[in-house]
Amino acid sequence: MPVVLFNFKVFLIMPTSSPRTQSSKPIALVVGLIAALSLMLSWSASAQPCSDPGTLPSLPSGPIAWESPILPAPNLSWAGKTATTGYRILHFLHGLGGSSDSWNLLAARTAFQGSAGYPARQVVYLNPHHYWQNGNALASAMDIDAYLSSVGAAASAAQNIFVEDNILVGHSYGGVLSLLLDSLYQHRYVFDRQFGGIIAFGSAVNGAYMAQALHPSGDNLAVAFVEDACITLSNPRLWAPQFPAMRWIPGLDPLLRNAVDQTCGLGSSFVPFALKKFNSPGMVELFPNAPLAKRLGKRTPSVPVVLAYGVEDEPVFWRTATSMLATDSVGLALASNPFAMDADQELVTFASQQFDRHESQASDALQRAQNLRTWAWILSPTLVGALIAEWQAIQAEREAAAADKAAAWYLDANNSYKQLIGARSMTLNANGFWCRCLDDPNNPSWFPVANASDCSGDDGCITIPRYDYALVEKPSDGVVLAESAGQLQGAVASILMPGTNHQQMRNSSTTRLVLNRLMNGQVAGGAFFATPTR
Amino acid sequence: MKHALLFPAWSLMAITLSHSASAQSSFWTATETTLRGSRLSDLADTAYLLPWDLEALKMRETRTARQWWTDPDGRELTSSQVLLSPREDWMGSPPAPAEQLGSPPMRSSIPPEGVRLDEAMELGSGWTLTWRSATPQQVYSKGDSSIAFSWRPSGNRWSVAAEERIFSRSTLNGLCMQDWSLTERSTLVGYGPSGAESPPSLSLQPNPRGLQELQVSLEGSAGIWPTALRCVDSFGRLTAEQPPQGTLPLTWNPKGLTSGRYTIQIQLGNQTYASSFIQL
């Protein structure tokens, strides 16, 4: 309505101010037209529903019919990515530093599709459980039990599977925890048993020497091993002539990474392998003299147990390191074939080449020093020039010494590492000296003397401390000794995996052979593990 | 001032040119045996050693046959062939030898002219050089570290008989160790630009030969590897050849030889040594 009033006011004033408006007819026509338009507009506005809800038509009243939501059948498909059917569940457990993806490719192929030479079995697929490793072994075992008792038990019930038909397949620490769970399940008033058999790959059921050697609470040698490598291999005298090949391992444990950064310098690190979670609390219980390790290996399990243990070929260290690197990198080959981890030669070749390179560098530097000394001799009349050449010869000698030490590192790293894992024990006892005198250059011979002072001659003599040493070597998979992973009282079988290291044994062609034999029922005493193919 | 600076350079160039001009064909060979390892400063209980220091205590032996020669351009070259290597089995075979610039460790006089015996010369950074008189030795030293070269007469020259290197270090857990090596070199065999000084002589046994194996040896050169072994008849035609089978002395049984006079040729680097035998 204000619009209408405004319009009227405007046009009422206009006639008095315009000299051309002499007739009243056009004015009346215009006023009438505007009045009519104004009335039409006001009616149009009042005709909107929101303007007068009371004029709206009412909805028809009556009962509301709710439709039931379409839910999946209660087969617990939510528990896993797939809901394969089967007669049993294989619960795959990773090792220390591992996760669900340690086993998931193999678990998937076992439940469905299979791979070349490995038929799928009638087992229900569940995501391999990732258990926590920030506590002791009992805490990890309780974590696994919680998973088995909830997800595992529910999935079993949905498939009408008796839980004691299920199998735990553990790698390394996972196998140890499986045996610990077996012992926990003796407490029937507390636990309900959730599996009826165990396959343990490379599990240190009698303790791991490596755990004690590397853990900060043990000998704490992991950091020292890396520091020694860094000091030796990052010597600037090696770098000057040729920048060495560098490798940076993204998955390196933070503690080791810190040691690398401190010793080698940021961005210039060479670390031959990654040790993940080597300082986790659970490792302490794997010390060979720890109560758990001492008891677990002596205990007769309540269920059928099969141990699969690896014995790696030499050089154990470089082969294991190759497989560790391959596992940590993108496993493209594993994506299509979960048993594709047979190759372990890469770092063996690398170490040999590095040894040869540093040997050659040392030889070149010594010859260069010899050439410089020749020049010093030629320049002897000009003493300053001679001294400069002699000084350069010293620098060449230092480079040769650094290269010698680097070559020795590549030569000895395998044996040093085997000491760390308990696969090599070397004891040296001092026993006098070797003596060699320069007055006998054409008939060089070393003879033993009790004291260095007993070694004397006209032209001077050289003595070398003489050691008697005893050497004991044991087969291993590069992490765990065969004697620890392959011996358990009451185990139905111990299966040797030749030429297989600790990392390979999850995904090698030998793994395929072991699992096929087991699930085919071809292992004597292991009928429990027989599982039909799809 | 500029002339003062350039004077030593002209002197150096003159010496270099004269040395180059005098370069003539020469060939020397020797076998080097090196013992290498770490050792404790004092005899001690090794139970405290870290694994890698324990491994380093083992003495490793390397044996190489080394040659030095002058090429047609007057350059002095050297190469070495590994005869005994500390390599582990898994390392495979050693790489093929490569040539590099290098002069033999020989001098016409020891010590150099103008050097005082038994008097340390400062080289910088704490290193000194001393020529010792008791044993003909050239010794570099710094603290507990030293590099010593023992010289011995070789014909009418001197050659390095032994090289001993000691570099001190401390282990990560604070023990004192030495990285030690000793290289002993057999007497150099060959000839120099001024004429034969100890000419190698090829020896064949038995001679005359029936169906027996030939024993091929080079006097004073046990342990040296030949790069080729050939048998030629009296007209110079090749009748038998075999690739290197190891170090001298060698046995060889060239077959199918008719009666007559034959010559065995041994190639050492760029040198050929020959000796004849009668085939019955």
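How many residues does helix H4 of chain A have, and how far does the helix reach from its first C-alpha to its last? I looked this up in what is a predicted model, and found that H4(A), residues 137-158, has 22 residues and reaches 30 Å, close to the 32 Å expected at 1.5 Å a residue.

I then followed the course of the helix and noted a kink of about 30° centred on A:Gly152, a residue that is itself among the buried ones of H4(A). Other buried residues of this helix include A:Ala137, A:Ile144, A:Tyr147, A:Leu148 and A:Val151. I recalled that residues three or four places apart in an α-helix point the same way, because there are 3.6 residues a turn.

Next I asked which elements the buried residues of H4(A) pack against. I listed strand E1 (88-93) and strand E3 (167-171), together with helices H5 (173-184), H10 (281-284) and H11 (291-296), of chain A. After the helix comes A:Asn160, for which I noted a positive phi, near 60°.

I turned to a sheet elsewhere in my notes, an open one of three strands in chain A, ordered E7-E6-E8 with antiparallel pairing. Strands E7 (447-449) and E8 (461-473) of chain A each have a single partner strand and stand at the edges, so one side of each is left without a neighbour in the sheet. Neighbouring strands here are turned by 50° against each other on average, direction ignored.

Between E6(A), residues 424-437, and E8(A) I found 12 bridges, and I saw that A:Arg436 stands opposite A:Ile462 in E8(A). Finally, I noted that helix H15 (residues 383-420) of chain A lies across E6 and E8 of chain A, running at about 135° to E6(A).

Terms used
Residues are numbered from 1 along each chain as its sequence is written. Chains are lettered from A and ligands numbered from 1 in the order in which they are written. This is a predicted model: local features need pLDDT of at least 70, side-chain atom pairs count only at pLDDT 80 or more; totals for chains, interfaces and linings use all residues. Side-chain values use heavy atoms; hydrogens and water are left out. Helices (H or I, at least four residues) and strands (E, at least two) are DSSP runs, numbered from the N terminus. The expected span of a helix is 1.5 Å times one less than its number of residues. The bend at a residue is the angle between axes fitted to the seven residues ending there and the seven starting there. Buried means under 20% relative accessible area, exposed over 50%, partly exposed in between (1.4 Å probe, protein chains only). Contact means heavy atoms within 4.5 Å. Two strands pair if DSSP finds at least two bridges between them. Axes are lines fitted to C-alpha atoms, for helices over the stretch in contact, and angles run from 0 to 180 degrees between N-to-C directions.
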